[in-house]
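Hi everyone, thanks for coming. Let me bring the structure up on the screen, and then we can walk through it together.

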Amino acid sequence: MEVIVLKNAERVAAMGAELVGELLHARPAAVLGLATGSTQLALYRHLVERHQNGNVSFRQTTSFNLDEYLGVVAENPQSYRSYMDREFFEHIDINKRNTFLPFCEDGQNPRLVGIEYERKIRKAGGIDLQLMGLGANGHIGFNEPSSSLSSRTRVKTLTRQTLKDNSRLFSADEFQPKLAITMGIATIMDARSILLLATGESKADPVSKMIEGPVTAMCPASILQMHERATILLDEAAAAELKNRDYYDWAHRQNESLKNRFGVFHD
Ligand code: F6R
């Protein structure tokens with residue numbers, strides 16, 4: 001794991017966009033794994049800006065989102081499809097036919113949707129870079145605590161904490177879905193590289209468990225300790241409970257000088 005602590009959320013988003021940009025320069029037809037949520041909004045804003053300045057193109061890119069609510073039509077402004085269109089896809093040059101979410105039509109068997117999603121990811125050649133956020137309870141995608149560490153795309157029931165955390169996004173009379181289809185933890189671990197962004201003090205506890213705690217299904221993000229190429233971008237508030245902070249800063253400086261000397265390597 002490479003842990004990079006930056007001054008604030010804005011810097012986190014800017015660096016996230018820079019890393020995505022580097023990948024797309026090296027590999028314009030890269031397959032991106034995408035996420036929704038509040039943390040990703042600033043990252044998408046930076047990527048849109050880079051695109052508008054002519055610094056990055058998504059024309060050849062394919063994307064797979066981590067998750068989608070179950071029981072919400074795509075046109076519903078609360079669907080993750082709507083979020084992605086609104087916040088990102090409509091402002092860049094990606095071919096929308098190459099953007100995928102694990103969407104389940106009314107009456108469709110969600111189990112088959114999960115199997116088909118896995119097949120599509122494999123057919124696209126696998127995910128080069130998976131972007132993600134971190135739930136206050138340590139979830140990644142909607143893999144809630146106790147999710148199997150070898151799970152694949154399937155239906156998950158959201159925990160009360162996640163429902164409460166996300167209730168800020170729903171008005172009082174609006175239907176808040178309790179089920180979602182999410183990539184599994186094994187699906188996420190198959191990505192060739194991972195970029196997780198976490199900002200704000202509400203993430204300090206799950207961040208410390210993810211990075212310095214035991215690998216356990218009770219903190220699904222802790223599985224990233226087993227990933228060969230996981231980069232974690234944090235702001236000061238989210239890094240507040242890390243014990244090895246000095247080492248992460250020092251190691252990051254070493255990695256930067258290696259990068260300046262030898263460039264970025266994308267296998
Ligand atoms: C969203 C997703 C979730 C969020 C996480 C953090 O697609 O997969 O895991 O990344 O809940 O959400 P925010 O950024 O809103 O705190």
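Let's start with two helices: α1 (residues 9-26) and α2 (residues 38-52) have axes that come within 8 Å and cross at roughly 50°. That angle makes α1 oblique to α2, since angles under 35 degrees count as roughly parallel, over 145 as roughly antiparallel, 65 to 115 as roughly perpendicular and the rest as oblique. Axes here are lines fitted to C-alpha atoms, for helices over the stretch in contact, with angles from 0 to 180 degrees between N-to-C directions. Helices are DSSP runs (H or I, at least four residues) and strands are too (E, at least two), numbered from the N terminus.

Before going on, please note that this is a predicted model: local features need pLDDT of at least 70, side-chain atom pairs count only at pLDDT 80 or more, and totals for chains, interfaces and linings use all residues. Residues are numbered from 1 along each chain as its sequence is written, and side-chain values use heavy atoms, leaving out hydrogens and water.

Next, α2 and helix α3 (residues 80-87): their axes come within 10 Å and cross at roughly 40°. On the α2 side, the contact (heavy atoms within 4.5 Å) uses Q40, L41, Y44 and V48, and α3 brings Y83, M84 and E87.

One last stop: S146 sits in the loop between β6 (129-132) and β7 (154-157). Although not a glycine, S146 has a positive phi of about 90°.
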